[in-house]
Amino acid sequence: PVGTVWLAWGRAGDIRSERLQCQGDRDAVRDETVNQALLRLCEATAVASGQPAVPSAMGRTLGSTLGSTSGTPAPQDAPLQGLTALLTGRLDAAEANTWREALREAMPTVRWWTLDEARRAPAEVDVAVVANPEPGSLQGFPRLRLIQSLWAGVDRLLADTSLPADVPLARMVEPMMTRAMTETAVWAVLSLHRGFFAYAQRQQAGQWRQHSQTRAEDTPVAVLGAGVLGHSAGAALAALGYPVSHWQRDGSPLEPLLARSRIVVNLLPLTPHTRGLFDRQRLAALPRGASLVNLARGAHVVDADLLQALDSGQLRHAVLDVFHQEPLPPEHPFWRHPKVTLLPHVAALTDLRSAAQQVAANSLRLQRGEPLQHRVERSRGY
């Protein structure tokens with residue numbers, strides 16, 4: 001699930017190198033390596049020639065780049081030229097402008113329209129780049145060939161019954177988000193295993209008191225979700241010595257896995273089958289004193305059942321990054337519960353530059369008639 005690559009590039013007398021860690025399967029690692037190599041070569045060529053750098057996401061092949069003397073494709077060969085894209089969603093003006101700038105930098109030959117602009121010429125829109133758009137807003141675009149989400153979760157998109165059924169939908173999987181989610185999962189598991197949250201409470205009370213320290217190999221961890229995020233988090237935890245088990249909704253029962261896990265990290269997509277997954281019955285299946293880390297969706301958890309499990313001592317602690325309602329209402333008991341650690345949905349924020357490159361790469365695949373990356377299977381919900 002993770003590839004480490006040494007990349008070297010440059011001109012005579014100016015050779016540089018960089019260590020890359022690319023997430024995903026072999027194809028994803030290869031594609032990201034080629035993209036990064038192209039970006040460095042284009043930047044080096046641009047500096048030497050005084051021309052603007054051409055982003056790697058524009059998709060020139062490695063062979064054509066190495067065979068080129070100018071480093072800048074001829075206008076008739078410019079990828080994505082003639083493509084019209086719509087950016088829409090629940091973004092405030094500042095967020096929309098920031099995204100638009102990042103996308104234009106990654107895809108300079110694409111025409112970028114707002115929803116109002118697209119409505120005036122609906123037959124010209126090829127791609128919709130969306131951030132939880134308003135229901136019904138993607139209807140009426142007869143040439144639309146790709147809906148690319150800027151977010152990893154697509155449950156809100158799929159809840160829109162007006163979403164064009166014949167248009168491919170792709171979710172966002174970008175390396176920087178994967179790395180950040182892995183970091184958060186490791187932090188949460190380490191803090192639970194070593195009792196760091198309890199030490200933080202003792203600091204507030206002015207208490208100097210140590211507790212016993214268990215080994216990582218004696219702390220089995222269940223990672224729910226076997227996609228890119230789940231595999232990355234599981235690999236990082238296994239490297240620290242934790243016995244890691246993965247689970248995905250493939251028909252195998254969850255309760256036996258829960259029964260032998262001290263910490264559960266939830267990275268599942270939200271579907272009708274996983275909504276309310278952590279209810280009274282499944283929380284009771286955990287060993288007494290186990291802990292829950294929810295970094296996926298708030299609707300995976302039945303709040304009342306989780307509070308009851310914490311109050312009774314069935315669960316020792318919960319780390320929660322996501323909630324049914326966000327921002328979390330100030331009167332919600334999670335805010336003040338001594339066994340709950342809250343994050344304001346920041347476990348893994350999207351890296352704009354990396355995400356824009358992913359949008360460009362999928363748009364290029366669309367233009368070339370190649371299979372799309374991270375295409376959503378609507379029947380499965382992710």
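1. Start with the loop between α2 (62-66) and β3 (84-89), where L80 is found. This is a predicted model, and in it L80 has a phi near 65°, a positive value in a residue other than glycine. Most residues other than glycine have a negative phi. L80 counts as buried because its relative accessibility is 0%, and the cut-off for buried is under 20%.

2. H345 also deserves a look. Its phi is positive, about 55°, although H345 is not a glycine. The residue is found in the loop between β13 and α12 (352-368). At 33% relative accessibility, H345 counts as partly exposed.

3. Check the peptide bond between E326 and P327. That bond is cis, with omega at about -5°. Most peptide bonds are trans. P327 has its place in the loop between β12 and β13.

4. Next, the sheet. Six strands form an open sheet, and its order reads β9-β8-β10-β11-β12-β13. The pairing is parallel. β9 (244-247) and β13 (340-342) stand at the edges. Each has a single partner strand, so one side of each is left without a neighbour in the sheet. From one strand to the next, the twist averages 15°.

5. Within that sheet, look at β10 (residues 263-266) and β11 (residues 290-294). These two strands pair in the parallel sense over four bridges. N266 stands opposite N294 in β11. Strands of a sheet pair through backbone hydrogen bonds.

6. Which helices lie on these strands? Helix α8 (residues 228-239) lies across β8 (221-224) and β9, and runs at about 170° to β9. Helix α11 (residues 303-312) packs on the sheet as well, touching β11, β12 (315-320) and β13. The direction of α11 makes about 140° with that of β12.

7. Now the α6 and α7 packing. Helix α6 (residues 175-194) and helix α7 (residues 196-205) pack at an angle of about 70°, with their axes 5 Å apart. That makes α6 roughly perpendicular to α7. On the α6 side, the contact is made by W187, A188, L190, S191, L192 and R194. On the α7 side, F196, F197 and Y199 take part. By class, the contact has seven nonpolar, one polar and one charged residues.

8. How many aromatic pairs does a search of the whole structure find? Three. One of them is W99 with W151, an edge-to-face pair at 6.1 Å centre to centre and 70° between the planes. W99 lies in helix α3 (residues 93-106), and W151 lies in the loop between β6 (146-149) and α5 (155-158). The pair therefore ties together parts that are 52 residues apart in sequence. Are these two residues buried or partly exposed? W99 counts as buried at 4% relative accessibility, whereas W151 counts as partly exposed at 25%.

9. Another aromatic pair is formed by W187 and F197. This one is edge-to-face, at 5.6 Å centre to centre and 80° between the planes. W187 is in helix α6 and F197 in helix α7, ten residues apart. Both residues also belong to the α6 and α7 contact. W187 counts as partly exposed at 34% relative accessibility. F197 is buried, with a relative accessible area of 13%.

Technical notes: Residues numbered from 1 in each chain as written. Predicted model: local features only at pLDDT ≥ 70, side-chain atom pairs only at ≥ 80, totals over all residues. Heavy atoms only, no water. Axes fitted to C-alpha atoms, helices over the stretch in contact; angles between N-to-C directions. Parallel < 35°, antiparallel > 145°, perpendicular 65-115°, else oblique. Contact = heavy atoms within 4.5 Å. Nonpolar A, V, L, I, M, F, W, Y, C, P; charged D, E, K, R; others polar. Pairing = 2+ DSSP bridges. Phe/Tyr/Trp six-rings, centres within 6.5 Å; stacked < 30°, edge-to-face > 60°. Buried < 20%, exposed > 50% of the residue type's maximum accessible area, 1.4 Å probe, protein only.
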